[in-house]
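Here is a walk through one protein chain, meant to be read with the model open beside you.

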Amino acid sequence: MDRDPGKINLQSFFRDRKTVDPLRGKRLPTPTGDRPVEAIGFPGVRLTVDQADDALKQAADRLAPMRSLLGRDEFNILALSGGASGGAYGAGLLTGLTLAGRRPDFAIVTGVSTGALIAPLAFLGPAWDERLTDAYVGGHAAELLSFRRLGPALGPSIFKGESLDALVEAFVDQEMIAAIAAEHLKGRRLLIATTNLDSQRAVVWDMGEIAARGGEAALKLFRTLLVASSSVPGIFPPKLIDVEADGQHLQEMHVDGGVAAPLFLMPDALLHWRNLGSRLRRGRVHVIVNTVLDPSTQSTPPGVASIMSRSFETMLRFSYRQALSLAAGFCSRHNLPLSVASIPNAFEGANLLKFETELMRRIYDAGQQQALTGQAWTSAVEEQSLWRGLFKKQTPPVSPGVGLVVRDASGPVDAAAPLEPHP
């Protein structure tokens, strides 16, 4: 790599950047009905999966093509969750796996929110660990959320959109796009999710396909989608995506992918497709949760702010645990070992919306140490046998009490999908 991550300078970005806020003034209307929607200039980069068998087969061919029964290669999937500054945990864990010599080669990498920011670097592998480390513990995030970056009092968010734009632009360049395109052409897949506020649905984007188109337009859309997937509503402003339907130029408003689902393995319709299992032979799923999962008991002060904050935190933890429950059910049905890693309970109470470098460094170090000592993964779904995936087996539904999946629920896993791709 020619670029030195240590030379990344956000100050030059703000000094040179003079743009008009696209959220001021009237926006274009959003697509309505069930018309096919495409990003302008980039047809086919949204994974639009419906329930029809032909559509599901096409999506499966794109994400998990059929492989030889006699092959020995594993099919590893990595899902990276949201978690704001907790993304430092995923960065530390991945670099620790590299140092320990235990980092898998991932055929599919998915990301949501801060996980979307990690995903391109995780996808590219150990050669990009230096940039991954710098992105999370190099002090850039602290600069991002300084009071000098506050948005206008009556604006759409607390912080200006250019702050997050600056962070993404500093680390995502043409060199990265070319490297991702090369891996995409080998059959590997990089996916991220955003939430379309207009349709109230998640949209899954094939980032490798975008990179493979090449050019400045591809770089711009790639960066825009990473920012959109990471734009926590109220903290950062949403992104308007230019799309077309039936030849009409329209716009969609997209925000943090975690609004729809905190993590995902692949589009939901595909998760329930009956013919998918044969494509996942020798498969293995890894999920990195960039937050603390376990519930904690503490006395909640009776003030409005404390009650709202505690309620929001509780809602998020249930959301993460439900998403893991869905993943565990999928893996159990297809005999896929599922390994889950999450931020240690020692960080309970840490405010992950405060991008403080010292806290992020401690979280990063914790993730790296777990990987180095072999203590990172909890097996939410155990490996069934040495012959897993070669013959289809009947396995009981996953229990809510397995591993890090929901521990305080009763009854079978709810198959309701927290993630629905754009129709």
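## A tucked-away asparagine

Asn335 is buried, because its relative accessible area is 5%. Here buried means under 20% relative accessible area, exposed means over 50%, and partly exposed is in between, with a 1.4 Å probe and protein chains only. To find Asn335, look in the loop between helix H12 (304-333) and strand S9 (338-342). Asn335 also has a positive phi of about 55 degrees, although it is not a glycine.

A word on the model: it is predicted, local features need pLDDT of at least 70, side-chain atom pairs count only at pLDDT 80 or more, and totals for chains, interfaces and linings use all residues. Residues are numbered from 1 along each chain as its sequence is written, and side-chain values use heavy atoms, with hydrogens and water left out.

## The whole chain

The protein chain has 13 helices and 10 strands. Both kinds of element are DSSP runs numbered from the N terminus: helices are H or I with at least four residues, strands are E with at least two. Of its 423 residues, 53% count as buried.

Contact means heavy atoms within 4.5 Å. Take the contacts in the protein chain with a separation of 6 or more: 80% of them come from residues 24 or more positions apart. The accessible surface of the chain is about 18,900 Å², and carbon and sulfur atoms own 55% of that. Those areas come from the Shrake-Rupley method with a 1.4 Å probe; for residues, only the protein chains shown count as cover.

## Helices H3 and H4

Two packed helices are described by the angle between their axes and the distance between the axes. For helix H3 (residues 87-100) and helix H4 (residues 114-124), the axes come within 9 Å and cross at roughly 20 degrees. Axes are lines fitted to C-alpha atoms, for helices over the stretch in contact, and angles run from 0 to 180 degrees between N-to-C directions.

Which residues of H3 and H4 meet? Gly87, Gly90, Ala91 and Leu94 come from H3, and Thr114, Ile118 and Ala122 from H4.

## Around those helices

Ser113 sits in the loop between strand S3 (106-112) and H4. Its phi is near 60 degrees, a positive value in a residue other than glycine. Is Ser113 buried or exposed? Ser113 counts as buried, because its relative accessibility is 6%.

Ser85 is in the loop between strand S2 (75-80) and H3, and Ser85 is buried with a relative accessible area of 0%. Leaving aside neighbours within four places in sequence, Ser85 is in contact with Asn351, Leu352, Leu353, Lys354, Phe355 and Met360. Over in helix H5 (residues 129-137) you'll find Asp129, buried at a relative accessible area of 10%. With the neighbours within four places set aside, Asp129 is in contact with Leu94, Thr95, Thr98 and Arg103.

## Helix H8

The 12 residues of helix H8 (residues 174-185) should span 16 Å at 1.5 Å a residue, and the end C-alpha atoms are 17 Å apart, which agrees. The expected span is 1.5 Å times one less than the number of residues in the helix.

The buried residues of H8 are Met176, Ile177, Ala179, Ile180, Ala181, Glu183 and His184. Just after H8, Gly187 takes a positive phi of about 105 degrees.
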